[in-house]
2 protein chains.
Amino acid sequence: MATTFAVLGTGGWGTALAILLAQKPDHRVRLWSAHAESAQSIQNARENQRLLPGVRIPNEILITANEVEAVAGADCWITAVPTAFLRQTILRFTPQQTRNVPMISLTKGIEIATFRRPSEILQELLGTANVAVLSGPSHAEEVARGKPTSVVLAAADMGLALWAQERLGTERFRIYTNADCVGVELAGALKNVIGIAGGICDGLGFGDNAKAALLTRGLVEMTRFGVAQGADPATFSGLAGIGDLIATCFSPHGRNRRVGDRLGRGESIANVLAGPQVAEGVSTSRAVFERTQRMGVEAPILTAVYQVLHEGKSPLAAVQELMTRSLKSERTG
Amino acid sequence: MATTFAVLGTGGWGTALAILLAQKPDHRVRLWSAHAESAQSIQNARENQRLLPGVRIPNEILITANEVEAVAGADCWITAVPTAFLRQTILRFTPQQTRNVPMISLTKGIEIATFRRPSEILQELLGTANVAVLSGPSHAEEVARGKPTSVVLAAADMGLALWAQERLGTERFRIYTNADCVGVELAGALKNVIGIAGGICDGLGFGDNAKAALLTRGLVEMTRFGVAQGADPATFSGLAGIGDLIATCFSPHGRNRRVGDRLGRGESIANVLAGPQVAEGVSTSRAVFERTQRMGVEAPILTAVYQVLHEGKSPLAAVQELMTRSLKSERTG
C-alpha cells in the first residue's frame, strides 16, 4: 500500500526532501507552500527556481497551497519551515490534525522568545508526541542532485525512528537513528552560532589550524550547553553535532558563515545585517548567551560571538582574548 | 635562568617549533639535522628553503648535525622525526642520554612493524618515562608564520604537561593539556587513514554533505579503535582527534588527502604511490586493518581505505558499499 507524505514548506530543504521521497514508487508526495503564487510558479515550472534552480520536480509530486489538500489522509507530515515561521505555519494546520499522525521535523533552530525546540512547538500546537527530528550535514542542493549524504533521525519512540529510517533512506541518503531529540535539535541551533565564528576566522585570514581548533573547541561548548539542557553528550560527536558543524563552517554558501566572514573582513555589523535574509545564528547567539549566563556554563566562543554581534566588540580583539585565556586542560577548558 | 631546548629534526614541524621557542628571550634553542649538508644549507640561508620557504630562522638558533652539540646540557629534547626514521634517529642519541631529561614528541604515526607509538619508542630506547606528546591541527607553515594555532599536549606526568604548556605556549600558540598519551598518539596515526578517505571523497566530486559525514563516521571508528587500545574516548572529540582530522581533510596540502584525491579521480594506485614522499596513511592503513580484524572492531571506513589501497577495490564501489550497509543507529553503527 502506498504511503502518503505531506511536506510542509517549499524552501530548498523541503523541496529536496519531497524529490527524494518521490523516488520510491510506493510513495505519494504532496508539497505545500505557504503562498499560492509560489505554489503556482513551482507548479508551472516544475522547478523551485529561486532555491533549487536546475533541479526538476517530478510530475508525481502534488504541489499545493491548500492546507486540506496537503495533509488530508497523509500518513506522515514533514515540516520544513524556518523556525521563525514554524508556529504561525503550524497554526494553519491545527484544524486538520485529527489523529496522532507521525511527524518529522526538518527545522533547525530554536524559537527565540520561548527557547522551544521545533519538535516542542509541534507537540505544543498539535498535541502529539509522535515527532521525529531529522538533522545532520545536508545541504539541500547536494541532496536534490543525488550527492551522497548521511543524516541522523531522532525520536523518543524508536518505532517511529526505524519506520522513518526505512522510508526516507536511499542508497544516496543514509539515515542513522538516535534517541536523543534534545541533543539533535540543540546541536542544529548552536552550530549556527559557531558557524558565524568560523566565518570570522575566514574573514580574518586565519588558516586551517585556527579553523580546526575553533570547530573543536566550539564543539566542547555546544556539548556543555546541551548537557546542561538534558542532552546526551555523544550526540554532539555525531552527525547533528560535529558533522553539521563541519558542513556549516566549510561550505562557502552558508548564511551564518558568510555573516562571520564579512565581519572578519571589517564590514560593519549594521551593514552585514542589513540584507533581507538574516542568518539564524544572529538571534540564536543572543538567546544562547543569556542561557549560558543563567546556567553558569563556561562558553568563551559562544560569548565572543555574542559580543561581536551585539556589543560591538572587534573580531580581532575577541580572538586575542580567546587565545590568551588562562591555560586549560582539554577536559576542563 | 635560561631553558635550553634541543629540537631533533629539521622537517617543517621541527623547524617551525624551534622558531616558536626562540621567540622567548629566556630560551636557548638548538636545531639538529640528521644530515650535515642539510644543516649547513639551513645555516647558510637561515631558512629551511625546501620545507618552510620564506620563513627566516633567527640567528639565535644553533643549527647543527652533531648529536653532542645538539643535546649536551639541554633541559628538554623535542623529537620531530617521521615515524619511519624515529628509531634509527634516537639510537644516535642514546649515548648522550645521561639523566631523566624531559622529552616532547612531535611525531605523528605508528611504527608499522611493532605498532608502537612514538612515545613508546622513546621510552624503550632511552629508558625514560618523562615523555610528553604534542598533537592537534598544526600545519607547520601556519605556525611558522604566526597564524593562531591550538594544540594538545599530553603526558602521564601532569607536572611535565604543565611545565611544557607554560614554556611552549604563546599568544598565537595555545596549548591544552591532556593526560591521555595513548589517545593523542593513536588519533595522530589514525587520522592519516581517514585523511585518505577524505581525499577520495574530493576526488570523486562529492560535496560537503558527504565529506562532513565521512569525518563524523570516521571519528566514530577512530574512537572505537582507540578505546579498544586503552584510550579515553573524549580525546578523540578533542584537538588531536576531530581537530587534526578536520585540518588533514580540508587542507589542500596534506599528503594523505592528496593520495586519496588522486585515487578518487581514477589514477592507478601504482602511479599514486610512485612518488618519493609516500603518505604515512598508506602503511598505517594496513597495520590498522590487521588490528581491527584481530580485535573485532567494526570499522567499515578504515576497512574500505585498506581495500582501495591494498586490494585494488575501486573507490566508487567502496563508497557504494558504505552507503548501503545495513541500517544502523548512531551509537552502534
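Reader: What makes the pairing of Asp232(B) with Arg331(A) a salt bridge?

Author: The closest N and O atoms of Asp232(B) and Arg331(A) are 3.0 Å apart, and a salt bridge requires a side-chain nitrogen of Lys or Arg within 4 Å of a carboxyl oxygen of Asp or Glu, so the pair qualifies. The count between chain B and chain A is two salt bridges. This is a predicted model, in which local features need pLDDT of at least 70 and side-chain atom pairs count only at pLDDT 80 or more, while totals for chains, interfaces and linings use all residues. Side-chain values use heavy atoms, with hydrogens and water left out.

Reader: Why is the relation of chain B to chain A called a two-fold axis?

Author: A rotation of 180 degrees with 0.0 Å of shift along its axis superposes chain B on chain A, with an RMSD of 0.0 Å (least squares on the C-alpha atoms of residues with pLDDT of at least 70 in both), and that is the relation of a two-fold axis. In chain B, the C-alpha nearest the axis belongs to Ser237(B), 3.3 Å from it.

Reader: Why is α8(B) called roughly perpendicular to α14(B)?

Author: Helix α8 (residues 181-203) of chain B and helix α14 (residues 280-295) of chain B pack at about 105 degrees, with axes 8 Å apart. Angles under 35 degrees count as roughly parallel, over 145 as roughly antiparallel, 65 to 115 as roughly perpendicular and the rest as oblique, so α8(B) is roughly perpendicular to α14(B).

Methods:
Residues numbered from 1 in each chain as written. Chains lettered and ligands numbered in written order. Axes fitted to C-alpha atoms, helices over the stretch in contact; angles between N-to-C directions. Helix = DSSP H or I, 4+ residues; strand = E, 2+ residues; numbered from the N terminus.
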